[in-house]
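Hi,

Here is the structure I promised to pass on to you. Have a look at it first, and then read my notes below.

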Amino acid sequence: MIKILHITAHLGGGVGKALSGLVIQSASSGSDINHTIVTLEEQEKPQFIELIKSCGCEVIACPTTKRLNELIEASDIVQLEWWNHPVTIKTLCNQSLPAMRLLVWCHVSGLYNPIIPNGLIYAAQRFLFTSPCSLEAKEVLNLPCDVTERIGVVSSSGGFEGLPWPKENRDSLAVGYIGSLNFVKLHPRYVDFLSAVNIPEFKVRLIGDVTNKDILEQQCVQSGRPGILEFRGYTRDVASELASINVLAYLLNPEHYGTTENALLEAMAMGIVPIVLDNPAERRIVDDSNTGLIVRSPDEFAEAIKWLSGNPADRQRMGSQAAKSVRERFSAEKMEAALNGHYQSMLSMEKREIVFTEIFGAGPAEWFLSCQRDRAIFAEDGSINLDKGNRLGYGLFEQTKGTVFHFHKYFPGNRRLEKWSKKLLSLK
């Protein structure tokens with residue numbers, strides 16, 4: 001029995017979907033892998049924890065330092081579910097952890113903010129990305145051969161259990177979007193793309209948390225299309241909501257952090273035709289004109305919508321091809337088999353002690369900066385430096401997602417984080 005200890009900030013969003021899919025598949029396949037999951041925060045939404053526990057997998061929330069050390073010592077492999085969450089870095093840096101075989105499964109692309117600290121890639125005996133787009137990151141391209149040999153790609157799809165195969169559907173066009181409405185993920189000009197469509201009564205159903213609802217509604221009014229968005233809110237019954245649409249307007253910020261894009265995969269698995277932008281992660285999922293459409297401007301988006309509306313048979317064909325493609329390429333079986341292969345290859349390696357402060361720094365401000373591409377923006381004295389072409393992207397102003405505001409929430413006594421937060425707010 002191989003004992004895998006997963007350490008994750010929480011089990012929400014994509015990581016919750018991936019780990020629940022892995023545990024369910026492992027239980028189904030009868031493998032000799034024992035998964036234990038440590039969450040460093042209490043879970044807000046119970047959906048994925050319920051699925052994981054139903055398979056007999058132990059989930060331990062907020063363990064003491066002593067308990068965490070015992071779990072690490074008893075494990076064969078520690079799998080760090082990585083993105084730059086403040087509580088993860090704090091846990092790694094605030095205590096001396098036992099020697100371990102470290103596998104890092106990276107749930108952000110690293111192409112833009114947040115970047116992946118090189119030291120973390122060097123420290124891991126296996127470093128696994130969740131999309132091949134991450135291999136294009138500047139930090140990865142410059143790695144020596146002995147390090148790149150330890151790098152791999154395992155897509156973090158949670159599988160498609162409970163999602164029906166597409167049925168014959170040549171109904172009139174029904175467009176939707178599922179996922180985050182944060183502008184670090186959703187394209188900030190999303191409404192501009194939709195407003196370019198000149199089809200009577202065209203609207204888009206938004207499925208997910210209603211973050212930025214007021215801003216989006218204001219943009220709709222300003223564009224002269226006040227009724228173009230229908231907000232459905234968060235739901236646990238994703239399949240029912242997806243069943244109400246046949247086209248997915250999945251237009252993301254070109255600098256978003258995502259990789260596998262489970263929302264996109266689930267829609268495609270149900271035969272919903274995606275329209276995406278030519279972004280690194282999406283173009284490795286969608287085969288243009290075969291399993292979806294890739295566009296580059298509002299005008300191209302409008303043409304794509306017009307074509308899909310006028311060609312229901314082709315839309316049906318494309319949706320069927322999308323379903324077949326993603327169910328084969330991103331199955332839970334493939335994910336489990338790939339991870340199991342890496343686990344087996346690591347068992348002969350020696351456990352190693354890792355000094356995480358050498359990777360991330362000595363304190364909260366340094367921990368935050370360790371994952372920022374434009375570190376020069378954040379001056380040592382707490383000011384914001386906009387010289388030399390530094391720019392303020394949408395991602396800097398999010399309240400979560402590893403931003404300065406996120407870190408300041410967890411470390412309110414840190415003076416530099418406080419000053420940077422206040423200064424950024426004054427520039428918003």
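Arg-415 and Glu-418 form a salt bridge, with their closest N and O atoms 3.8 Å apart. This is a predicted model, by the way, so keep that in mind as you read on. Why do these two sit about one helical turn apart? Because they are 3 residues apart in helix H18, Arg-415 and Glu-418 are separated by about that much. Arg-415 is exposed, since its relative accessible area of 55% is over the 50% cut-off. Glu-418 has a relative accessible area of 23%, so it counts as partly exposed.

There is also a network: Arg-205, Glu-230, Arg-232 and Glu-241 are joined into one by salt bridges that share partners. One of the pairs in there is Arg-232 with Glu-230, whose side chains meet at 3.6 Å, N to O. Are they buried or exposed? Arg-232 has 39% relative accessibility, so it counts as partly exposed. Glu-230 is partly exposed as well, at 24%.

Arg-416 is at 16% relative accessibility, so it counts as buried, whereas Glu-380 is exposed, with a relative accessible area of 61%.

If you wonder what is behind these pairs, side chains of opposite charge can pair when their charged atoms come close. How many salt bridges are there by this rule? The count comes to 18.

Next, the empty space. Rolling a probe the size of a water molecule over the atoms shows where such space is left. The structure holds 1 cavity of 30 Å³ or more, and the largest cavity has a volume of about 40 Å³. Its lining is made up of Ser-109, Leu-111, Tyr-112, Cys-133, Pro-254, His-256, Gly-258, Pro-280 and Ala-281. By class, that lining has 6 nonpolar residues, 3 polar ones and no charged ones.

The second largest pocket is worth a click too, with a volume of about 410 Å³. Which residues lie nearest its centre? They are Asn-113, Glu-255, Gly-393, Gly-395 and Leu-396, out of the 22 residues that line the pocket. The lining of this pocket divides into 9 nonpolar, 8 polar and 5 charged residues.

Finally, zoom out to the whole protein. The C-alpha trace spans about 65 × 55 × 40 Å along its principal axes. A compact globule of 428 residues would have a radius of gyration near 22 Å, and the protein has 22 Å, so the two agree. Of the 428 residues, 56% count as buried. As for contacts with a separation of 6 or more, 75% of them are accounted for by residues 24 or more positions apart.

Cheers

Technical notes:
Residues numbered from 1 in each chain as written. Predicted model: local features only at pLDDT ≥ 70, side-chain atom pairs only at ≥ 80, totals over all residues. Heavy atoms only, no water. 1 Å grid on protein atoms, 1.4 Å probe; cavity = no way out; pocket = protein on both sides within 12 Å on 5 of 7 lines; lining within 4 Å. Points joined across faces, edges and corners; volume = space filled by probe spheres on them. Nonpolar A, V, L, I, M, F, W, Y, C, P; charged D, E, K, R; others polar. Salt bridge = Lys/Arg side-chain N within 4 Å of Asp/Glu carboxyl O. Buried < 20%, exposed > 50% of the residue type's maximum accessible area, 1.4 Å probe, protein only. Helix = DSSP H or I, 4+ residues; strand = E, 2+ residues; numbered from the N terminus. Rg over C-alpha atoms; globule rule 2.2 N^0.38 Å. Contact = heavy atoms within 4.5 Å.
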